[in-house]
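Hi,

Here is the structure I promised to pass on to you. Have a look at it first, and then read my notes below.

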Amino acid sequence: VPEIGPIQSYLAETENMAVLLGLLWPCAIVSSAVPTATVSGYARSFISDNRISGATIVATGTLGTQPVHTTTNVSGRFDFEWPVGETILSVAMSAPGYHTTSGATVVVQPSGFQGKFNEYTFQTPRVVTYDFLKTVLPGTLNTSACHVVTTVTPANITLEDDPQGEPGTVTTLYSGSEMMDIKAFYFGIIGNTTTNPFSRGLNSTSFDGGVIFFNVPPRLEPYTIVATKKGLVFSNASVWCQPGLLINVAPPLGPHVIA
């Protein structure tokens, strides 16, 4: 998959797709009478775990919701307001030297997305890291598809915890009620902290919790990521798949134990 490039290019492509799909957002500013909630989070680098400052954050919604642009501060944190009850199809993060990455599709509740166990986070690879992973992960990446990564975790796990994963979990991708015939690749773990992209033959999550679905067909409606393990109940996660996107639903918004 080629680097998506500057966030402006990403937005232009997304807007073109939105026109075709009937999801073009009007330029009018949302009325101040519409109640909003705060969406907050942070961005950090995959592997090094360094916070990413000065990154461009763009939230994209559906019909009637204007995209929101902001940047991360010196601590890699960001926040923005979003209309309550409205869907955020995608939040994208772009920064020099990093591969543009999108996150989960969410519906904003009155409480928003705030706090340690309910914030919107990015775990984004550098371009050189992404290019390396393309050479060691199985299969060939299709530039017309998207690629969906998530981390399946126990309850109350954040991006700062190690290890993060709920081991022995089987993860599947659904289009509506239909289970997609796309095999999940599960990441192994080295020690308690390091993702192992060289693992092969895993049929469920390791203590890393990482899983990726390659070459997911673009779709108007979001896909649902479903995790299952005997004796446990997990939250689901949703993603909006558009051509060429790398989507990483990082903790705490990935599938996690709720019962």
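This is a predicted model: local features need pLDDT of at least 70, side-chain atom pairs count only at pLDDT 80 or more; totals for chains, interfaces and linings use all residues.

Let's begin with the largest pocket, which holds about 550 Å³ of space. Its lining is made up of 31 residues, and F46, I47, Q123, T195 and N248 are the ones closest to the centre. Which elements supply at least two residues each to this lining? They are helix 2 (127–136), strand 9 (146–151), strand 14, strand 15 and strand 18.

Next comes S206, which you can find in the loop that runs between strand 14 (194–196) and strand 15 (210–216). Is S206 buried or exposed? Its relative accessible area is 13%, and because buried means under 20%, S206 counts as buried. A polar atom of the S206 side chain lies 3.1 Å from the backbone nitrogen of D208. If you set aside the neighbours within four places in sequence, S206 is in contact with G165, E166 and P167, and also with F187, G188 and I189.

The other residue to look at is L245, in the loop between strand 17 (237–239) and strand 18 (246–249). L245 is buried too, with a relative accessible area of 3%. Where does L245 stand relative to S102? The two are 143 residues apart along the chain, yet their C-alpha atoms are separated by 7.1 Å.

Enjoy exploring, and do write back with any questions.

Best wishes

Methods:
Residues are numbered from 1 along each chain as its sequence is written. Side-chain values use heavy atoms; hydrogens and water are left out. Helices (H or I, at least four residues) and strands (E, at least two) are DSSP runs, numbered from the N terminus. Buried means under 20% relative accessible area, exposed over 50%, partly exposed in between (1.4 Å probe, protein chains only). A polar contact is a pair of N or O atoms within 3.5 Å; within protein, one must be able to donate a hydrogen and the other to accept it, and residues adjacent in sequence count only if both atoms are side-chain atoms. Contact means heavy atoms within 4.5 Å. On a 1 Å grid over the protein atoms alone, a cavity is a set of points where a 1.4 Å probe fits but cannot get out, and a pocket is an open set with protein on both sides within 12 Å along at least five of seven lines; lining residues have an atom within 4 Å of a point. Grid points are joined across faces, edges and corners, and a volume is the space filled by probe spheres set on the points.
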